[in-house]
Amino acid sequence: MQLKVWQDLSEAERLQALTRPAQDDGARVRGIVEEIIARIKQEGDEALHHYSKTLDHFEGENIELTAAEIEAACAQVDKKLKAAIDQAYKNIKAFHKAQKPTHVKLETFPGITCRTAAHAIESVGLYVPGGSAPLVSTALMLAVPAKIAGCQEIILCSPPPINPAIIYAAVRAGVRRIFNLGGAQAIAAMAYGTQSVPKVLKIFGPGNQFVTMAKRLVSDDAAGAAIDMPAGPSEVLVIADKHANPRFVAADLLSQAEHGPDSQVLLLSDSRELIEAALKAADEELETLPRKAIAEKSLAKSSAILCEDLQQCVEISNRYAPEHLILQTQNAKKLLPSLHNAGSIFVGAFTPESLGDYASGTNHTLPTYGYAKTCSALGTDDYRRRYTIQFASERGLKGIGHVVQDLAAAESLQAHRNAVTVRLEEIEKRGRCKKK
């Protein structure tokens, strides 16, 4: 992890310092995923079983877990872990339940009333990665808001063998249908449906490059499914001053570096002494980590940047738009009004990013790769669709109808104009009849 002085960098070097590791979305990955999607669309379960055996190495009989298998898996989870999952569930549920839709009802013109309404997305698919780091917490983060929003059908896919704690967390959050499916084949099955897996309207959850590519492709297909947000490797940016605890800073950097070799961490500070102490602490702590090799690859693509002052730190952070932003400065709350682009912000020395990953109650499904400039953290509203309703009385249409007629005529859309004209003629006709 290199120390760089922002003032000494050219604009090109600054751009390079803030550039994420390249995502592999090349022809090879795309070609593999396109073939998987095409076969599942055409062959359904036959293709799904093929890919489950060849890619997931699944030899079981049931793609979907039976009630007995779910019960047995939950029984394997020890009481201490169950208690941790239960407490995290309560906090996540409380925060997401409070996210109620805001409705508007307004008379925009005499006789014209407009309002908003919301309805849960009827069916959703949740993808929870497995592998070397089974994301138990992701099952909670995806399923809790889906249940609160009122989605009628919620299914969950995870690569086999599914960690029992993932199954317990999913069941705790209200999921009843769980599938032994991973990778692009899971996304394709949920997007298009097979004999065993129901088609859903929207897919949620992180994944590797194949999952990410599959989500992109199915979301571009009108016959596929919508997705939660663009995905990329995990990342964190820490803003720290001379008052920060170097060990805390180092711990926060490493907590994201261990996610994967393509993860990226950035440290911004106006104190060279703090940066040097934090990097030393990170080197020492790195030696104790089981995922040291992964973290080392991530740190090689990361930077520590010395800034003139905290305001410059803020400007760089807004430019980078991190997934996670940690503020370890004196009076950290004062920086909040100036920080606009971040997936989630962690304020103060005793608010590690891990808190939001697991148990504070906020959602850890966040925009990465700079999408925090335009996308939001996952919330209950992502499982709802908002629509508008309008009411017009005869008086309202009579009062505003000429506006619609003039605008429709300006756009040369005569049928649009006529839809108003025939009604105005009817209103005029009724008025003449009443006078008689």
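Predicted model: local features only at pLDDT ≥ 70, side-chain atom pairs only at ≥ 80, totals over all residues.

Trainee: How do you know that the length of helix H2, residues 27-43, agrees with what it should span?

Mentor: Helix H2 has 17 residues, which at 1.5 Å a residue should span 24 Å, and its end C-alpha atoms are 24 Å apart, so the two values agree.

Trainee: What makes the buried residues of H2 line one face of the helix?

Mentor: The buried residues of H2 are Val 29, Val 33, Ile 36, Ile 37 and Ile 40. Seen down the axis of H2, these buried residues fall within an arc of 95°, and therefore they line one face of the helix. They pack against helix H3 (45-54), helix H8 (183-192) and helix H9 (209-219), while the face turned away from the buried side carries the exposed residues Ala 27, Arg 28 and Gln 42.

Trainee: Which elements do the buried residues of helix H7 pack against?

Mentor: In helix H7, residues 164-172, the buried residues are Ala 165, Ile 166, Ile 167, Tyr 168, Ala 169 and Ala 170. They pack against helices H4 (67-76), H5 (79-97) and H6 (136-149), and also against strands E5 (153-158) and E6 (177-180). At the start of H7, a side-chain oxygen of Asn 163 reaches to within 2.8 Å of the backbone nitrogen of Ala 165, and just after the helix Gly 174 takes a positive phi of about 105°.

Trainee: Which residues does UniProt list for "active site"?

Mentor: The UniProt record, an unreviewed entry, lists Glu 323 and His 324 under that term.

Trainee: Why is Glu 323 called buried?

Mentor: Buried means under 20% relative accessible area, and Glu 323 has 6%, so Glu 323 is called buried. Glu 323 is found in the loop between helix H13 (310-320) and strand E12 (324-328).

Trainee: What makes the link between the side chains of Glu 323 and Ser 234 a polar contact?

Mentor: A polar contact is a pair of N or O atoms within 3.5 Å, and the one that joins these two side chains, Glu 323 and Ser 234, is 3.1 Å.

Trainee: And why is His 324 called buried?

Mentor: His 324 has a relative accessible area of 2%, and therefore it counts as buried, the cut-off being under 20%. His 324 is found in strand E12, and its side chain reaches the backbone oxygen of Glu 235 at 2.8 Å.

Terms used
Residues numbered from 1 in each chain as written. Heavy atoms only, no water. UniProt positions renumbered as here; feature names shortened; annotations may be inferred. Helix = DSSP H or I, 4+ residues; strand = E, 2+ residues; numbered from the N terminus. Buried < 20%, exposed > 50% of the residue type's maximum accessible area, 1.4 Å probe, protein only. Polar contact = N/O pair within 3.5 Å; in protein donor to acceptor, adjacent residues only side chain to side chain. Expected span 1.5 Å × (residues − 1). Arc of directions from axis to C-beta. Contact = heavy atoms within 4.5 Å.
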